Amino acid sequence: MKINQLVPIIWTKDIHATTTFYKKLGFKINDENDELVWTNMTNGDIEINIANPEAAADFKKPQFTGTLYFNVENADEAWEELKHNKVVYEIETFDWGMREFAIEDNNGYILQFGEEIEFDYGDED
């Protein structure tokens, strides 16, 4: 099996507030369907769908047991732009050579942002 693309679909009760949040991340509305209460947004080659799942009887609030991870070109710049949101963890450089941080979007979904960096592992003998 060859997978060509992964497009997350996040559920929300407020499409407008969610699209407004993701526009701040540089996403643009590509397509929307008011009747189905669905929006497709893109940022370069990255695609995300936002939907209101009112037809799903068990939907009470947004929930997701993972995170959406964004690889960015400049983690420090992204941190300065996004640190006013609800912070999950502040920007930090990790031992595995990533500089990253995490915030919550307006629905409570966790968004992680990371940049691969040159990392000095010390003397390796």
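Predicted model: local features only at pLDDT ≥ 70, side-chain atom pairs only at ≥ 80, totals over all residues.

**Helix on sheet**

Start with helix H2: it lies across E6, strand E7 (98–104) and E8, and runs at about 20° to E7. Residues are numbered from 1 along each chain as its sequence is written, and side-chain values use heavy atoms, with hydrogens and water left out.

Terms, quickly. Helices (H or I, at least four residues) and strands (E, at least two) are DSSP runs, numbered from the N terminus. Axes are lines fitted to C-alpha atoms, for helices over the stretch in contact, and angles run from 0 to 180 degrees between N-to-C directions. Contact means heavy atoms within 4.5 Å.

Now the sheet. It is open, has four strands in the order E5-E8-E7-E6, and its pairing is mixed. Strands pair if DSSP finds at least two bridges between them. At the edges are strand E5 (68–71) and E6, each pairing on one side only. On average, neighbouring strands are turned by 15° against each other, direction ignored. E5 and strand E8 (residues 110–116) run parallel, joined by four bridges. Phe 70 stands opposite Phe 113 in E8.

Back to the helix. Trp 79 lies in H2. Is Trp 79 buried or exposed? Its relative accessibility is 9%, so Trp 79 counts as buried. The cut-offs: buried is under 20% relative accessible area, exposed over 50%, partly exposed in between (1.4 Å probe, protein chains only). Not counting residues up to four places away in sequence, Trp 79 touches Val 87, Tyr 89, Glu 90, Ile 91 and Phe 101. Trp 79 and Glu 90 are 11 residues apart along the chain, and their C-alpha atoms are separated by 8.1 Å.

Next, the loop. Asn 85 sits between helix H2 (75–82) and strand E6 (87–94). Asn 85 is buried too, at 18% relative accessible area. Its side chain reaches the backbone oxygen of Leu 82 at 2.9 Å. Leaving aside neighbours within four places in sequence, Asn 85 contacts Phe 21, Ile 103 and Glu 104.

Phe 21 takes us to helix H1 (residues 15–23), whose buried residues are Ile 15, Thr 18, Thr 19, Phe 21 and Tyr 22. They cover an arc of only 155° around the axis, so they are on the same side of H1. That arc is taken from the directions from the helix axis to the C-beta atoms.

Questions, please.

How values were computed:
Polar contact = N/O pair within 3.5 Å; in protein donor to acceptor, adjacent residues only side chain to side chain.
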